[in-house]
Amino acid sequence: MMILLTLRILSVQRNVGVAIAWLVILFTLPLVGMVAYLLVGEPMIGRRYLQRTEQARALLNEMAQRERLIFDQGQELLPETYRGVSRIGTIWTGFGVYDNHKMKLLTEPDEIFNQLLHDIHSAQRVILMEFYIVYPEGRVCEVLDAVIAAAQRGVECHLLADSVGSFNFFNSSFYHKLSHAGVIVHQSLPVGLFKTLFKRTDLRNHRKIIVIDEDIGYTGSFNLVDPAYFKQDKDVGQWIDTMVRIKSRKPISIVTAMAKVVVTDIGAESNSNLDALNQRINTYTRKLYMMNPRINDVNDSADRVVGLMTEAEEDWIISGEVVSAPLPAVEPVTAQLIPSAPQVTAHVIYNTLVTVIHRADERIQITTPYFVPDEALLGALTTAAKRGVEVTLIIPKTVDSFMVQHASQAYYEELLEAGVTIALFRGGLLHTKTVVVDDEYCLFGTVNIDMRSFYLNMEVSLAIYSPAMVAQVAACQDSYLNHCEILCLEQWQQRHNFKRLFDNGMRLFSPLL
């Protein structure tokens, strides 16, 4: 078994760091290593799931072609220096670059909840929500009640939540309350003992997407949780997150691309979902929403899947009271949606990130809760610093994962020696995931700087190309710096040798974290 697994690791693991980490585990703890590799060694999301994903994407692409909706264009909207970067995303995801968006950066929980509640109460046709964590406490209950009210007045409402991340939600009274009210709840990547034999159960849907009435979308690091109630027992402080609200009335936009991602994810969950999507597309009449949706349970939820590729009919101006925000909305904004999933889009976000780091000329500023790079990404950051680029890494001083905390610390000395500024955030668990390059490019979304986000989870990022919007994200990062302590190389080198050795030991497992 040892020989067979060694040959298997050498033949299928293309990442050298991942292969070495598994070999270390296998030869150090043979029995544990064999069982662990068989369960979680390779990113197998499931053969049937992959087939349904491809079929759902094909159905939506056929409909788009029939309706002359072209998603993979727009490179000419960008300066020459960023066209190659955007092509990486377009090749793997099919989404190009779209312009004329109105975006608002939301940086405070109450601001996010208030704006989202306003949009849900104003919804007239459809609401799509996809989250890793739904935690029905605090103001989240207001949001779920608003979705229930929307369903009861005839809005078609879908909620796709990760089976593991939203475990508490699926065992709560709110899940049943939503279902009985007509909200169609889908369980993403359900787990079970039998399923473990055929797919890797720690591959999770880490996306956060909301689409309302075809012309309003949200994405970012914010799970559907109230930070005042979520993980208060972890002793890391309140979670700090951001979202961006996107509005567009164009036939093809970031919002329609987001809708396509959610619809594909819903269609991939079960054969009944896929059949429903096929039926909806075959009867497509420029309006795919349906009034008075039926009630379904989570195991066979959604015998209808909404298709959202129509031009918005809502007026550009939001009616009613608009919640004021600390940061003004920005328009027009040019951006690109980059979803990623194991065995579907390769490592598109990782490749995009490494590419933009290598082409940076002046500044790179990264905000991430979990920082566990591989050698290529670490080399890109240290090389950028050595060639004179101002590289700043903003991470929480303490995170909620023991292994990640120590594996991350193993990289600090090398980064500091290269000239990278490491800022340790002291105001809570900084969960925001943003990358700003040269004040003209930004990656904003759900992706942590670790191998789990790059290689294993289903994620989504927004590449923003408009300097005015990038400047707002950079200003948000700068505000975090006011609550940071800057790590000093001399101080860090004075740590006890045992701590340094322990961190380096954890670093061996970093490709698997």
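This is a predicted model: local features need pLDDT of at least 70, side-chain atom pairs count only at pLDDT 80 or more; totals for chains, interfaces and linings use all residues.
## A buried lysine and its surroundings

At 4% relative accessibility, lysine 247 counts as buried, because anything under 20% relative accessible area falls in that class. Lysine 247 belongs to strand 8, which covers residues 243-247. Its side chain makes a polar contact of 3.1 Å with the side chain of aspartate 215. Tyrosine 218 is 29 residues away along the chain, and its C-alpha atom is separated from that of lysine 247 by 9.0 Å.

Now for the whole chain. There are 513 residues, and 61% of them are buried. The chain has 19 helices and 19 strands. Of the contacts with a separation of 6 or more, 82% join residues 24 or more positions apart.

Another buried residue is threonine 432, whose relative accessible area is 0%. Threonine 432 sits in the loop between strand 14 (429-430) and strand 15. Beyond its neighbours within four places in sequence, threonine 432 is in contact with several residues, including Ser221, Asp241, Thr367 and Pro369. Tyr480 is also one of these contacts, and the side chains of threonine 432 and tyrosine 480 are joined by a polar contact.

| Residue | Partner | Polar contact |
|---|---|---|
| Lysine 247 | Aspartate 215 | 3.1 Å |
| Threonine 432 | Tyrosine 480 | 3.1 Å |

Next, let us follow helix 5, residues 80-93. What span should its 14 residues have? At 1.5 Å a residue they should span 20 Å, and the end C-alpha atoms are 21 Å apart, which agrees. Helix 5 does bend, by about 30° at serine 86. Serine 86 is also among the buried residues of helix 5, as are Tyr82, Val85, Ile88 and Gly89. The cover over the buried residues of helix 5 includes helix 4 (47-66), helix 12 (348-358) and strand 9 (330-340), along with strand 15 (434-437) and strand 16 (441-445). Just after helix 5 comes glycine 94, with a positive phi of about 85°.

Finally, take a look at a pair of helices. How do helix 14 and helix 19 cross? The axes of helix 14 (residues 402-409) and helix 19 (residues 497-507) cross at roughly 105° and come within 7 Å. The two helices are therefore roughly perpendicular to each other, since angles of 65 to 115 degrees count that way. Where they meet, helix 14 brings Phe402, Met403, His406, Ala407 and Gln409, while helix 19 brings Phe502, Asp503, Met506 and Arg507.

Conventions:
Residues are numbered from 1 along each chain as its sequence is written. Side-chain values use heavy atoms; hydrogens and water are left out. Helices (H or I, at least four residues) and strands (E, at least two) are DSSP runs, numbered from the N terminus. The expected span of a helix is 1.5 Å times one less than its number of residues. The bend at a residue is the angle between axes fitted to the seven residues ending there and the seven starting there. Buried means under 20% relative accessible area, exposed over 50%, partly exposed in between (1.4 Å probe, protein chains only). Contact means heavy atoms within 4.5 Å. A polar contact is a pair of N or O atoms within 3.5 Å; within protein, one must be able to donate a hydrogen and the other to accept it, and residues adjacent in sequence count only if both atoms are side-chain atoms. Axes are lines fitted to C-alpha atoms, for helices over the stretch in contact, and angles run from 0 to 180 degrees between N-to-C directions. Angles under 35 degrees count as roughly parallel, over 145 as roughly antiparallel, 65 to 115 as roughly perpendicular and the rest as oblique.
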